[in-house]
Amino acid sequence: MVATIETIEMTNGAAKRILLVEGDPDLRQTLAGALASGARDVTSAGSAREFRELNGAAPFDLAILDLNLPDDSGFAIVRLLRQTSPTRIIVHTRRDTLTDRVEAYTQGADIYMVKPTPEAELLAAVDSLLSRGVAPLKADLSGWRLDQAGSLFAPGGERVNLSTRQTAFMKCLMRAPGKAIARDELRKAIGIEETDESGRALDMFVRRLRTTIEGQVGQRGPIKTVYRLGFAFDARAFDS
């Protein structure tokens with residue numbers, strides 16, 4: 001992993017955590033330096049793979065995303081962040097078509113900025129989004145809810161302690177209750193590499209998650225298998 005971390009200490013309160021995903025190494029270094037000039041912790045990555053390795057930690061307050069990455073589309077990262085975290089998102093790219101703008105906003109971007117962007121304008125956009133804070137990530141569906149710390153609560157209030165990957169999986173489902181989330185999207189969200197065995201690995205992951213939920217609260221988890229598509233949140237799920 002070639003990701004770097006730059007930290008600036010704050011005199012009052014915790015520093016804001018910013019994730020910078022930029023494919024151009026020189027621009028990435030320049031932007032990281034500019035962003036770190038304030039009360040911010042800046043983590044930078046040069047690819048979608050590095051992003052996924054970094055994204056398993058606590059959620060970032062804000063992400064600045066390049067669309068042209070060497071190993072994946074930046075749109076996929078926008079979509080994943082919006083589905084699984086309360087992170088504010090700035091798309092920062094050389095792509096300036098209306099189609100790209102609409103797609104970015106559709107996937108969940110807060111602001112779309114076209115390079116080259118004046119440093120003062122980018123910093124103003126960052127400060128503006130950070131001042132709004134993050135929307136609390138909380139779902140309440142038929143009595144089930146998930147808090148931002150990664151705990152799942154059953155209708156009766158029983159608590160299920162989830163791992164980071166299990167939390168990411170449930171966030172994906174609970175953002176769109178009743179809708180089938182594609183297997184590939186879920187696999188990427190929890191960091192399962194694409195191999196001949198990745199389908200089996202995802203099934204085993206879901207089986208263990210169901211066992212974890214049932215073992216801690218005494219009832220089946222709200223995870224429904226959607227044949228040939230993926231999985232969905234369904235409080236009435238009884239499939240195994």
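Buried means under 20% relative accessible area, exposed means over 50%, and partly exposed is what lies in between, using a 1.4 Å probe and protein chains only. This is a predicted model, where local features need pLDDT of at least 70, side-chain atom pairs count only at pLDDT 80 or more, and totals for chains, interfaces and linings use all residues. Residues are numbered from 1 along each chain as its sequence is written, and side-chain values use heavy atoms, with hydrogens and water left out.

Q: Are F169 and F231 buried or exposed?
A: Both F169 and F231 are buried. Across the protein chain, 46% of the 240 residues get that label.

Q: Why is the pair of F169 and F231 called edge-to-face?
A: Rings of Phe, Tyr and Trp (its six-membered ring) pair if their centres lie within 6.5 Å; planes under 30 degrees apart are stacked, over 60 edge-to-face, and the rest tilted. Here the centres are 6.1 Å apart and the planes sit at 65°, so the F169–F231 pair is edge-to-face. The search of the whole structure turns up three aromatic pairs, and F169, F205 and F231 make up one aromatic cluster.

Q: What makes the F169–F231 pair a link between distant parts of the chain?
A: F169 belongs to helix α6 (residues 164–174) and F231 to strand β13 (residues 230–233), 62 residues apart. Those names come from DSSP runs numbered from the N terminus: helices are H or I with at least four residues, strands E with at least two.

Q: Why are α3 and α4 called roughly parallel?
A: Angles under 35 degrees count as roughly parallel, over 145 as roughly antiparallel, 65 to 115 as roughly perpendicular, and the rest as oblique. The axes of α3 (residues 74–84) and α4 (residues 98–107) cross at roughly 25° and come within 8 Å, so the two helices are roughly parallel to each other.

Q: Which residues of α3 and α4 meet?
A: F75, V78, R79 and R82 in α3 meet D100, E103, A104 and Q107 in α4, with contact meaning heavy atoms within 4.5 Å. That set splits into three nonpolar, one polar and four charged residues.

Q: Why does Y105 count as partly exposed?
A: Y105 has 42% relative accessibility, so it counts as partly exposed. Y105 sits in helix α4 and touches D110, I111 and Y112, leaving aside residues up to four places away in sequence.

Definitions and conventions: Axes are lines fitted to C-alpha atoms, for helices over the stretch in contact, and angles run from 0 to 180 degrees between N-to-C directions. Ala, Val, Leu, Ile, Met, Phe, Trp, Tyr, Cys and Pro count as nonpolar, Asp, Glu, Lys and Arg as charged, and the others, Gly among them, as polar.
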